[in-house]
Amino acid sequence: MHCAMCPNGELEKGTVPMVMERQGVTVVFQHVPALICDQCGESYLDSEVTGHLLDALNQATACGGTHLDIREYGA
Ligand SMILES: [Zn+2]
């Protein structure tokens, strides 16, 4: 697969940290599975992974009180 951001990038499977923010709550996810460009470092998440992140973000904002949450993806 080729990168959409640069002409020569090849995408490789790996994991990345993702930071998401909503309503003043920041959630950092560690080791999120992604395709990563070997040239520019751009990362691509599939829609299933994105869905999991949004669910977890919803949980984090719903419980309130926490402004920074660092969690392991899939934990
Ligand atoms: Zn690239």
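Colleague: Which residues are the protein donors of the zinc ion?
Modeller: In this predicted model, the donors are the SG atoms of C3, C6, C37 and C40, lying 2.3 to 2.4 Å from the zinc ion. Donors here are N, O and S atoms within 2.8 Å of the metal (3.2 Å for Na, K and Ca). Local features need pLDDT of at least 70, side-chain atom pairs count only at pLDDT 80 or more, and totals for chains, interfaces and linings use all residues. Residues are numbered from 1 along each chain as its sequence is written, and side-chain values use heavy atoms, with hydrogens and water left out.

Colleague: What is the geometry of the site?
Modeller: The site is tetrahedral, with angles of 105 to 116° among the four donor atoms; four donors count as such if all angles lie between 85 and 135 degrees.

Colleague: And how are the donor residues spaced in sequence?
Modeller: The spacing is C-x2-C-x30-C-x2-C. C3, in the segment before β1 (11–22), and C40, in the loop between β2 (25–37) and β3 (43–44), are 37 residues apart. Strands are DSSP runs of E with at least two residues, and helices are runs of H or I with at least four, numbered from the N terminus.

Colleague: Is C3 buried or exposed?
Modeller: C3 is buried, at 8% relative accessible area, whereas C40 is partly exposed at 42%. Buried means under 20%, exposed over 50%, and partly exposed in between (1.4 Å probe, protein chains only).

Colleague: Turning to α1, which of its residues are buried?
Modeller: These are V49, L53, A56, L57, A60 and T61. They lie on the same side of α1, because their arc around the axis is only 135°, taken from the directions from the helix axis to the C-beta atoms.

Notes
Tetrahedral: all angles 85-135°; square planar, octahedral: opposite > 155°, others 65-115°.
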